[in-house]
Amino acid sequence: MAPLRTGPLLPSLSFTLPAILRSRQPTRSFSPKNTSMRKFPLQRMTSSSNDSRMIRYDLSRGHPNDELLPIAEMQAIASSFLNDVTPKTLAIDGIPPVHGSSKENNSTRSWVRSLNYGPNAGNERFLVGLQNFLNRRSEADLLDDPSSNIDVVNSETFASKMPMENDSNDQNLFITGGVSHGLELLCATLTRPGDEVWVERPTYFLAPKIFESHGLVVKPLPMLSDNCIQNKNKMWSGATTKCDAKSDGIGRIDIDRLIDIVENQGVPPPKMIYIIPSYQNPTGRMMTVQERWMLASFALSNNVIVVADEVYHLLDWELNGTDAHSSQRPARMIRFHNSIVSKNKLDEPIISEGVMENEVDSNQGCCISVSSFTKIFAPGIRLGWIEAPHYIIQKLIHRGYINSQGGVAPFTGRMMTYAIESGLLDKYLDRLKVEYRERHQIICSILEEEPQISLLTGSNSSFYNRAGGYFVWVQFPSDMDSLELLRYSQEEYGVKFMPGIRCDPFANAAGKFNDFPFTQTGSAIESCARLCFADLSKDDLVKGTRKFLQAFRSFAKK
């Protein structure tokens, strides 16, 4: 293949595309109808014993299987836009030519410019394409309660602020290097050392480390499982929602009690609340529409910043045979924020150009959505976004290191612009959802063979006929320690999973929060575990899950 000439911007330089792009051989990409996967090799020695058995089936790691990565899609993206092949769906009339070049070469400008510094929030074309993609993929999401027999209003405070109109479309985006980078940016921009951040229990096990690295004090949100355990399945005196510790309690925020302790009992609200509202890691749970309304209203009323990690929001599927009120998922948290602001005509801060982020008061409640292409395309892309009110975006834009570097990953952003505009990302995501739906069905059907294991993931499916994400959350008999089961499973059966205690940032915090009114969930989490169905091949997923059941049954007899 002849060297690719770079055009007038680099007249003296030419280069040859890598062999992977020169190859005209068809590239194997996964398909729901062709899902033969390579078997993973034995991965690592167990460190808990001298036994020579290796970990054969790793159900703990939250990674996609290599065969599910978009290899052919990336080759198509790279070869197309590097060779100046613009897809028919691109509208390039509005892109001015480079140095008087013809319209046919306009696509050159779109990727060559991405090699330079870019706008702080991200390339405008990428931002527009991303917003259109999010709107298109979530246009059916629910903002209204899907069931007439559910009492949405659970407190007078919420009742007085319940929005009655659809949300505003005035959403704002900021490009990041992924969800973790987004959290890092938000902590650095909106908090100070000593501020409190309240998190779900259990939660994504690495998130608290990000908060603690900024000097934030991490505390647990009130959970329904606190109430169930504390009162032996009797309702908390101020609650309006019944709970069962073995089904509804674990992983659900007790928002009634959150409102009560802050607004009635005088407990100071946190600076920030971190949640995973859609297909939560590790429990797989979905926050209901009414729970989202209540939490968004609480945040705006009490100057709390709710940060919603929504990395799994678009990676979901409908379940079979469930008598649900709706097959639609609740909307992203930013949309609930926008609705409340629009309905109540609330004023938001205005940040003038040139104002430094630390000169602006951030003591105002809001909801922020953070997400990325990690789960819906590929982790190695290292590209994500923050959806937030305009004044939050402006504060991010004015951060010193963002000003210095000129935006995040402009070249990768250009590649994903092509993936969005050409429809490639939509097609890939549709196939990915089918694949994960099958994997979810496989692991659940096997786990349901054991009556002593409760499959808690999806136990709120009576509301939404959906599942999503990478994980299932299981509960063992209450006297079984999942950490001890893990040691036994690794040593005797070569199966690894994530014990519930690993997802509890307060597992070793006995006595640390004696003055805090909700720390009772830990004992329930100790008898739970998180299993990932994304990492192994399908064949190994079947074998590994059956080995897991063998390990459990053997351990239960000990």
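This is a predicted model: local features need pLDDT of at least 70, side-chain atom pairs count only at pLDDT 80 or more; totals for chains, interfaces and linings use all residues.
How many bridges join strand 5 to strand 6, and do these strands run parallel or antiparallel?

Strand 5, residues 196–199, is joined to strand 6 by four bridges, and the two strands run parallel. Within this pair, V199 stands opposite P220 of strand 6.

Seven strands form an open sheet with mixed pairing, and their order is 4-11-10-8-7-5-6. At the edges are strand 4 (172–176) and strand 6 (217–220), each of which pairs on one side only. From one strand to the next, the twist averages 25°.

Next, the helices that accompany these strands. Helix 12, residues 333–344, lies across strand 7 (272–275), strand 8 (305–309), strand 10 (366–372) and strand 11 (384–388). Relative to strand 10, helix 12 runs at about 155°. Helix 13, residues 390–397, also packs on the sheet, where it touches strand 4, strand 10 and strand 11. The direction of helix 13 makes about 30° with that of strand 4.

I move on to a pair of helices. In general, two packed helices are described by the angle between their axes and the distance between the axes. Helix 2 (residues 71–82) packs with helix 16 (residues 424–447) at an angle of about 180°, and their axes are 11 Å apart. Because angles over 145 degrees count as roughly antiparallel, helix 2 is roughly antiparallel to helix 16. Which residues meet here? From helix 2 they are E73, A76 and I77, and from helix 16 they are L424, Y428 and R431. The residues of this contact comprise four nonpolar, two charged and no polar.

Helix 6, residues 179–190, deserves a brief description. Its twelve residues reach 16 Å from the first C-alpha to the last, close to the 16 Å expected at 1.5 Å a residue. The buried residues of helix 6 are V179, G182, L183, L185, L186, C187, T189 and L190.

Finally, I draw your attention to a single residue, G494. This glycine is found in the loop between helix 17 (482–493) and strand 15 (495–496). Is G494 buried or exposed? Its relative accessibility is 1%, and since buried means under 20%, G494 counts as buried. In sequence, G494 and I55 are 439 residues apart, yet in space they are 4.3 Å apart, C-alpha to C-alpha.

Key:
Residues are numbered from 1 along each chain as its sequence is written. Side-chain values use heavy atoms; hydrogens and water are left out. The expected span of a helix is 1.5 Å times one less than its number of residues. Buried means under 20% relative accessible area, exposed over 50%, partly exposed in between (1.4 Å probe, protein chains only). Two strands pair if DSSP finds at least two bridges between them. Axes are lines fitted to C-alpha atoms, for helices over the stretch in contact, and angles run from 0 to 180 degrees between N-to-C directions. Contact means heavy atoms within 4.5 Å. Angles under 35 degrees count as roughly parallel, over 145 as roughly antiparallel, 65 to 115 as roughly perpendicular and the rest as oblique. Ala, Val, Leu, Ile, Met, Phe, Trp, Tyr, Cys and Pro count as nonpolar, Asp, Glu, Lys and Arg as charged, and the others, Gly among them, as polar.
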